[in-house]
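Here are some notes to read alongside the model. They go through a few points in turn, from a single residue to the contact between chains.

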Amino acid sequence: MEQIIANGLYLGAQYALIALGLTLIFALMNVLNFAHGQLYVIGGFVTYTIYGQLGLPYVVALAATAISLALLGGIIEKFLFRPVIRRSSREESTMLLAAGIAFLLDAIILLVFGEKQRGVPKILNGVLNLDFRLIMPYDRILICGLAIFFITAFILYMQYSKTGRALRALAQDRTAAYLMGVDVERYSMIGFALGAMLAGIVGGLLVTITGVNLGMGGPTSIKAFMMVMIGGAGVISGAIAGGLILGMMESVGLSVFSEYGDVTYLVIFATLMVFLAIRPQGLMGKPWG
Amino acid sequence: MITKRSARLRHVLVGLVGAVAIAAGSVAAQAANKELKIGFVGVTSGPAAAWGISNVRSMQARAAWINETGGVKIGGTTYDVNIVTFDDQKDPKRAIAGMEKMAQEGIHYVVGPNVDDGAAAVRPVAERNGIIYFPYAFPKALYTKPASNAVLGMVANYQSGPAIYTYLKDKKGVKTVAFIAANESDPLSQRDGGVAAAKALGLKVVSDSVTYQVDTTDFTPVITPVIKTRPDLLVLSGVAPANAPQIIRSARELGFQGLISTETAQDATVLREGAGSLADGFISVGGASTPEIASDAMKEFVARYTKMFGEYNDESNTKVYALEYILETLKANPAAMNDVEAFKTTMDTFSAPNPYMKGDAVLKYVGTSSFGQRRQVAVPLVVNEYRDGKFETLFVAEVD
């Protein structure tokens, strides 16, 4: 049981951090960013290149990943999403654009980083073993701790910084924020950059545990959407709750249903369908959006 | 002024004449050899891209090598080899479209597809259009009569599995075995074949029900129930190179100290980066690039591939062979250039030196025991053990 809970918490912390970026972008711009998983993968590859290939310290690699993904996010918002949002009020326009960006990034990842699975040296050796009741490598514990640290830092930033307040105002009511003097375009770009940066940071954290390959983008996006649906789209606390719930469900399911093959996600999807039929806005979302 | 203009005009004219001459020369050089198109239909994008990319790059590297050294001579005519590729995205519908494209281009020899359902889907198209294809898929129905156009491009798990298990039982004292596989047709069928082979050898199967999604990134929760059964041998059935290091790492970190093996080809760099020393002792199937058996031609192939694409992929050790078989068989019977029935006839008696292995190994078609007809290339069954960042040959066997 201890192992299941520990696995669930570890997975949940990662998932929550992934979902945060996605829900932030949705809240600010009403954009379903299907390329979120690809941003995560690029983050993993940037860390791989700087830490694994160039041999620079991991902290430097993680910082460089955060900066480069923030830049990439800003560029995507300014040159791709902003013109489309300006010219088209149809929501499917941004959805199609996001899907197109996902394919484009996949192709770029393949060209730049190749088809192989990549990994980096362990950042911490050793395994915590409590009489085989709980086994957890120290690097996983560290990554879990870092994920919780980044989640806390993000919440504090959103709560107390000027930029965070502006972003929250934008998420609550775009028009009202504009009328109150918030530079909507600038803060939309900052918000998108922040979301991309969060995705990149998770990629940079997890490349030390799971490695990275070009195929991880799509499935990561799907899981992120599931978490956002569970917690409630556009709600920060909902994304964290969704991540933790999905992580725990996955851990419990893989243990309980191991005898019956790969049915864990079948059960999770079925449960999610029933849940959304009862509460379509998710745990913490509002029915009116 | 007029003089300057004339001089400029003269320069332009000289340049034009030069450009025309170079272009004409280039055309003449290209026209020197006829073109022989060989197709590739496989997955080169998405999560399984690694399967097909190592495949197609092997063909492209070999074709470039052949073309650079004057082309391939078949029946008195010299050809440059042109690899025509189609990405089926691991989708059977796309694989059919790819095979139809090959037919439209008049191609009779195709390498791929990489997976079971794609290989099964293209069969009617290949048979209708007179195409011989070399899948990396294991269903026996593709290679047994009445089917006759598919040629298995590698060693199947039901051929390599028993050899590996026998070795480990006799040499390492393995008595219990557990299987884990991705929830997809190829790995599941390989798992079922492995379970049957293990049972036939008298090994006790302690776990064979645990499967995982192909997009799993964290294997610790998945593998925990398997490790609890404490097997002597953990078999990763049909494991993709992207997943192998992660599963090995999770298993070792959970305290598993037994042997780990698979019947698919792997890449040493991927194992080193993903699992480091935790992958030491991992047993997999390879081709012919280990120092013990690689010929000078194999070493040159690896060097050329690396130069062309920046990095070698050890999976290509097995995938270098299909194009070689096609070309050598066509050389043996030039009538097969446009007549696949002639190709089939030649397969029964074909034999040529294996350029990639030291010693007197030969290229020949096998499969009589498994399929009742020669519909498999005789790739050497090289069983490797990963250690200290590279593969070492454990043993070499042959498939009949």
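Two residues are said to be in contact when heavy atoms of theirs lie within 4.5 Å. The model discussed here is predicted.

1. Start with one residue, Asn157(B). Which residues does Asn157(B) contact, leaving aside neighbours within four places in sequence? They are Phe138(B), Pro162(B), Ser189(B), Gln190(B), Gly193(B), Gly194(B) and Glu263(B). Asn157(B) itself belongs to helix 6 of chain B, which covers residues 157-172.

2. Is Asn157(B) buried or exposed? The relative accessible area of Asn157(B) is 3%. Because the cut-off for buried is under 20%, Asn157(B) counts as buried.

3. Next, the division of chain B. The domain assignment gives domain 1 of chain B as 34-154 + 292-380, and domain 2 of chain B as 157-264. Taken over C-alpha atoms, the centres of domain 1 of chain B and domain 2 of chain B are 29 Å apart.

4. How many residues of each domain take part in the contact between domain 1 of chain B and domain 2 of chain B? Domain 1 of chain B supplies 11 residues and domain 2 of chain B supplies 13. The area buried between these two domains is about 980 Å², and carbon and sulfur atoms account for 48% of that. On the side of domain 1 of chain B, the residues that lose the most area to domain 2 of chain B are Trp51(B), Asp116(B) and Phe138(B), which together make up 52% of what that side buries. Phe138(B) was also in the list of contacts of Asn157(B).

5. A salt bridge joins the side chains of Glu184(B) and Lys90(B), at 2.6 Å from N to O. On the side of domain 1 of chain B that touches domain 2 of chain B, four residues are nonpolar, three are polar and four are charged.

6. The contact between the chains comes next. Chain A brings 35 residues to this contact and chain B brings 37. Between them the two chains bury about 3000 Å², with 51% of it on carbon and sulfur atoms. In chain A, Glu115(A), Lys116(A) and Asp262(A) lose the most area to chain B, and together they give 22% of what that side buries.

7. How many salt bridges are found across the interface of chain A and chain B? There are eight. Glu253(B) and Lys122(A) meet through their side chains in a salt bridge of 2.5 Å, N to O. Between chain A and chain B, 12 residue pairs are in polar contact, both residues being at pLDDT 80 or more. Helix 1 (2-29), helix 2 (36-53), strand 2 (134-137) and helix 5 (138-160) of chain A each supply at least two residues of the side that touches chain B. The largest share, five residues, comes from helix 1 of chain A. By type, this side of chain A divides into 15 nonpolar, 12 polar and eight charged residues.

8. Last, look at Thr220(B), in helix 8 of chain B (residues 220-228). Not counting residues up to four places away in sequence, Thr220(B) touches Asn7(A) and Arg140(A) as well as Ser250(B) and Leu254(B). Thr220(B) is buried, with a relative accessible area of 4%.

Methods
Residues are numbered from 1 along each chain as its sequence is written. Chains are lettered from A and ligands numbered from 1 in the order in which they are written. This is a predicted model: local features need pLDDT of at least 70, side-chain atom pairs count only at pLDDT 80 or more; totals for chains, interfaces and linings use all residues. Side-chain values use heavy atoms; hydrogens and water are left out. Domain bounds come from an automatic or database domain assignment. Buried area is the accessible area (1.4 Å probe) that two parts lose on being put together, summed over both. A salt bridge is a side-chain nitrogen of Lys or Arg within 4 Å of a carboxyl oxygen of Asp or Glu. Ala, Val, Leu, Ile, Met, Phe, Trp, Tyr, Cys and Pro count as nonpolar, Asp, Glu, Lys and Arg as charged, and the others, Gly among them, as polar. Helices (H or I, at least four residues) and strands (E, at least two) are DSSP runs, numbered from the N terminus. Buried means under 20% relative accessible area, exposed over 50%, partly exposed in between (1.4 Å probe, protein chains only). A polar contact is a pair of N or O atoms within 3.5 Å; within protein, one must be able to donate a hydrogen and the other to accept it, and residues adjacent in sequence count only if both atoms are side-chain atoms.
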